[in-house]
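User: Hi, I have a protein model open and would like to go through it with you. Could you help me read it?

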Amino acid sequence: MESEKKPSAVSDVGAWAMNVISSVGIIMANKQLMSSSGYAFSFATTLTGFHFTVTALVGLVSNATGLSASKYVPMWELLWFSVVANMSIAGMNFSLMLNSVGFYQISKLSMIPVVCVMEWIINNKHYSRKVKMSVVVVVIGVGVCTVTDVKVNAKGFLCACVAVFCTSLQQITIGSLQKKYSIGSFELLSKTAPIQALSLLGLGPFVDYYLNGKFITNYKMSTAAILFILLSCTLAVFCNVSQYLCIGRFSATSFQVLGHMKTVCVLTLGWLLFDSEMTFKNIMGMVLAVMGMVIYSWAVEADRSNARTLPLTKNSLTEEEIRLLKEGVENTPVKDIELSESKG
């Protein structure tokens, strides 16, 4: 049994590592590509369309060469999911434009409790007290190291609410679709990527024009900018695949909590590579966030261990307890037993 668990644990770590490395890498590449001190390519929504176009091409090649198999998923579910995913992207872009950076960070932090509540409502999932406390520690830690000024207006608040809701729903839906249709993460991504690519490339330029007042056709493309766009698209493939892998293997809540390790890495690399300010408050927040992530991992593993040992506890009843249970069952009407089983 131990030999069977090791490859699974290694692949789990590999999926997380791929997601963290590719996510941090794409943020660093996009920072250089989109910043005014870099190549000033300020077309975030269209760039996301490029990302999904390359991802769709990779999926098409993979299916054509037999490296992956295409499984059936109803088109209406793919369309519904793509609409939610695109609203998540657009909502995040509008939220960042209309709100302060501080409120934008708070809205991203709020996705953890929102995902928890939505998984409780949709999947009837319950969390132990240890897990809840660790989530609070992560939220406080990331908040301390990222949240600065907090200014909000009515339009910005509405966009942030749409972004948080759609992003949370998207991440929960990824796991649900994989389980419902027994489809792998990459196979699901290869089905949704073309739809998202077409819609984002069609609407992206107009959304970007609303955000920054410029059309992409007016941008003067340079060789260096093209190379960074290609780098960003390549990293996006790994980022998208690893996101589907992680949510498929774990849960949307785990993805949100442990995913904030990316925030810590981005702040650290920003300080090392781009001379970003690193204060004592940032450092303390990062330490607290990492502590919360460690506690969360320990709490989840403890809950799994308790679940595995629960049958052993039930089998170690004393003779007196067994006698009392038998008497209780014999004296209980059959209808009551059936009702209690259905309630459980």
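User: Which residues does F81 touch, leaving aside those up to four places away in sequence?
Analyst: Keeping in mind that this is a predicted model, F81 touches Q170, T173, I174, L177, T192, Q196 and Y244 once residues up to four places away in sequence are set aside.

User: And which residues have the most contacts inside the largest nonpolar core?
Analyst: Those are F81, L188 and Y244, in a core that has 15 residues. The elements that give two or more residues to this core are α3 (75–98), α7 (154–181), α8 (185–212) and α9 (223–249), and the largest share, four residues, comes from α8.

User: What does the second, separate core include?
Analyst: That core has nine residues, and F41, F43, L47 and Y219 are among them.

User: New topic: how many salt bridges does a search of the whole structure find?
Analyst: The search finds one, and it is formed by K180 with E77, whose closest N and O atoms are 3.0 Å apart. The pair links distant parts of the chain, since K180 lies in helix α7 and E77 in helix α3, 103 residues apart.

User: Is K180 buried or exposed?
Analyst: K180 has a relative accessible area of 54%, so it counts as exposed, the cut-off being over 50%.

User: What about α5, which of its residues are buried?
Analyst: In α5 the buried residues are M111, I112, V115, C116, M118 and E119. This helix covers residues 111–123 and reaches 17 Å from its first C-alpha to its last, close to the 18 Å expected, and it is followed by N124, whose phi is positive, near 55 degrees.

Notes
Residues numbered from 1 in each chain as written. Predicted model: local features only at pLDDT ≥ 70, side-chain atom pairs only at ≥ 80, totals over all residues. Heavy atoms only, no water. Core = buried A, V, L, I, M, F, W, Y, C linked by side-chain atoms within 4.5 Å. Buried < 20%, exposed > 50% of the residue type's maximum accessible area, 1.4 Å probe, protein only. Contact = heavy atoms within 4.5 Å. Expected span 1.5 Å × (residues − 1). Salt bridge = Lys/Arg side-chain N within 4 Å of Asp/Glu carboxyl O.
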